[in-house]
Amino acid sequence: MQGKGVVKFFLVVMTIVTLVQYFFILPTQKVEKAADEYAQANSQDKTEFKMKRAEFLDSMSSEEVFEIPLLKSYTYQELKSQQLALGLDLKGGMSVVLQVDLRKFIRALANDSKDPTFEEALNRASQAQKTEQADFVSLFYDAWVEVRGDKKLAPIFSRNEALRDDINYETGDGEVVRIIREKADETVDLTFKLLKERIDKLGVTQPNVSLDQSRDLIVVELPGIDNPERARNFLQAAAKLEFYNVFRINDAGIQQAFIEADQRLAKGMDSADGSEMEVKPVYATDSLGNVDSTQIVRYDTTFDAGAPQGPLLDVLTLNRNGAQGLAVLGFAKKNQRKYIDTLLAQPEVRSLFPRDLVFRWSKDPMKNYETNEVTDNYELYGLKVGRNGQPALTGERVVDASANPDPQTNEVAVSLKMDNAGAKTWGKLTTEAAQDNNREVAIVLDDEVVSAPRVNQPILSGDSQITGNFSIQEGKDLANILQIGKLPAETEIIQEALVGPSLGAENIRNSTIALLVGFVLVLIFMILYYGGGGIVSILALILNIFFIFGALASYGTVLTLPGIAGIVLTIGMAVDANVIIYERIREELREGKSMLMSISDGFQNSYSAIIDANVTTLLTAFVLAYFGLGPIKGFAVVLIIGVLSSLFTAVLVGRLMIDTWTQKDRKMSFFTSISQNAFANLSINWLGKRRIAYIISGVIIVAGLASMATRGFELGVDFKGGYSYNVDIKGDAVSAADLRDALTETFEGNEPIVKSVDTENTFNVVTSYQVDNTDQEADAIVMQALYDGVNTVTGGNIDFEQFKAPDGEGTHVESSSKVGPTIADDIKSSAYYAAGFALLLIFLYIFIRFSKWQYSLGAVAALFHDTLVVLGLFSILRGIVPFSLEIDQAFIAAILTVIGYSINDTVVVFDRIREFLNNYSRKSKEEVINMAINSTVSRTVITSLTTLFVVGILFFFGGSSIRGFAFALVIGIIVGTYSSIFVATPVMSDLTGELEAKEKKSEKKGFSKAAQSAR
């Protein structure tokens, strides 16, 4: 073997680097043990334990905990970032996909232009974003081209002073869009960086934050998070801090303006038929007709002549005597605020109030001034804006923020420190307020008034405080967010998943069992079948797994359930190269060659097939990595690393071990008494049976297509949007039908899909209820409805707080996910693109390698066949088999894996056909093809068998969340093995005339010289 020294060098270097990666675990474990001891000594319950542990680890994040003398020292955070992190489905936690809102960003760049053509383009772009892969700026430009007529973009954006250096009236639309795209990229990147800084302050160990720049998506994974509401606020809060002068209820004309507005609304406006009109809310009702005053369905325009007062003061109580503080103009119930905003925004009402007044509601419900008890009313404030519509001061001037309890009131206050310019403006603002009868200054966060303190003395130091019924944790979170700064663009959660820690532990246990049992089965089979060669392949496989985990840690990969599936699949596929080589060595031995010559020729003649087989698998994995999101991208990364590592360990290191053993005339066996003559001297007319195979395949595919057309698929939440919950019900057994009926009522007639999962009395509930509701409270509405339904069917004794907690006691939601319609359409179109690109790349690669389009078409025909069979069986068996057959992202990953696996088999056969054309030029096409299939059928069957060992174990032990994925792989492996013999090769044969030998040019050069034989 040439290049032994090179192989040894890389083997030693890779081993050392991987050992270092594993060694990094020890110092971090020491810190985490200290964190556990600290939390145990300073906490009273589980919640406080988690908080204290997080505080300790946060304080250690920048501390040096490990040092390599004379080289480098590492902080805890640096070491943790170089370790393999467990994903949410293994550890529990929360995952969200955030969409950066570029619609509002573009509107802000246009100075909130009201141009109707501009608005139409924005609306069309928003609609197109639901189904298109393109970024929002490109969609906006496409829409603008459709609707612009003779208009240009330049006049709209040149009004923005910040853009005047780049855009003037003569600037073309293409250049304007380029500048917008540039600004948008900067904004998305800054939003991503600020979110990463925020998440670092959240106290989560090994969070994973990634940016998909092509779609302006930010993917965030927060392992171990136990307060989803806190995480949502942390991620979505824009942290737009503003300071305003306020109007008081006793200012001239303010009270009278409200009264006159109420009267104008009561009189109504002339409608088209001359009747009186008034805007009134229409509330939701349950199935019994009871009114739910907490939920407004719509606003109707009616007029009740008998009402004692108009529609405004019917729902808004004026603070007439100033009892709640003079800055409070009025107050109303939470569910009435949007309705009141609608009334106050009407032109004939708005004209009654000062032009520089804007209305804002309080962040928290108000307290009764007499009893100090919290009510269910929210306060309405009137803020005074400047001539440009901006606040007097913003949070951009804040340089430091901290949260501490006030020693006098024990209320948590967030203390702010401003820079010199901010201190000067703040001093001027508070001086004016103090001199104007000690007027209040409103402190507004994300368009909600958090406090409006009365100014008794000017504050010239640049210091300020925010109070607003914060808990210690909320106060610290707000201080951290303000210190980092506001996000330059708003973000919206369009996909969310929540997994409880108990479910994560169960997934780890099941996956570990699958990994170990699969490995042991492969080990036993390889030794029983290949003897000494099998031992070499097992040693190479152990080394392969050792390198895979080290590489994943070094790469910063988050290991998820699909990722473990990728490792299990790699174990099965890793022996493929060994099988190809060993089967070739056995052929050489049967021809009477010596052991050393057989080994040399066996390796030499296997490289071409190994390269082709692995390149096609890599192509599909790269496509999956590009188009996939979250765990599916992780699966693809694991598969890529696994294939590359397998090539190094199985081919190069395996050859090194065999040569080292045999160089002193020591014998090595590649068969046992059981397998010595297995698959030897086969002489089957495979092509002669192709018509039977065509009929069998045709029947299955037609049945599948008919089922797809009539029964359809069980689409997962990934593809149709909605909410999915796994509910663990304690106590008496509950039927899926009873739970479905109860939830249909609480979901207002929207019937959910309810299925039993592995654990007894655990159900998966999928619903599209409220999926189109973009209000931030939509999640809470669905959770409340879920609780009501489950509570009804179980007897009505469930604690709501425990129910919605992933680690709650008693009946509770173990895991949940939400996929908005926009991301669902995006995932669906990504799946189509991924499958299409994978097939195209494979077609092109086969065409390049074999120089005949017939080979490419035969291979792609087999892949279409395999895909249609798997899809058809998923449709036919839906509802028949006792496990879920959802079409989701994991299924698409399985399909692409099947494509890669199937083409792997096909390429090996094609490669042998090409070789035999050179060796048996006088034989007919049919004879050559049959000989090629007969000589490779042993490799095809054995590789499929070893892969089925591990995938079958994954199917039986992997748990319900991975079973559908494993089932697709089981079908795909069986069908892929069949199609490589009975579809790909016969189709290629039927499309060609007599095949001609072609000189192989690159095979002997195609692999590393270190792998070439010197014997």
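Start by selecting strands β7 and β13 (residues 377-384): they pair in the antiparallel sense over 3 bridges. Strands here are DSSP runs of E with at least two residues, and helices are runs of H or I with at least four, numbered from the N terminus. Two strands pair if DSSP finds at least two bridges between them. Click V246 and you'll find its bridge partner in β13, L383.

A quick note before moving on: this is a predicted model, where local features need pLDDT of at least 70 and side-chain atom pairs count only at pLDDT 80 or more, while totals for chains, interfaces and linings use all residues. Residues are numbered from 1 along each chain as its sequence is written, and side-chain values use heavy atoms, leaving out hydrogens and water.

Now select β7 itself, residues 241-247. All 7 of its 7 residues are buried, so the strand is largely enclosed by the rest of the structure. (Buried means under 20% relative accessible area, exposed over 50%, partly exposed in between, with a 1.4 Å probe and protein chains only.) In a regular strand, side chains alternate between the two faces of the sheet. Here L241, F243, N245 and F247 point one way, and E242, Y244 and V246 the other.

Which residue of β17 does F243 stand opposite? Look for I443.
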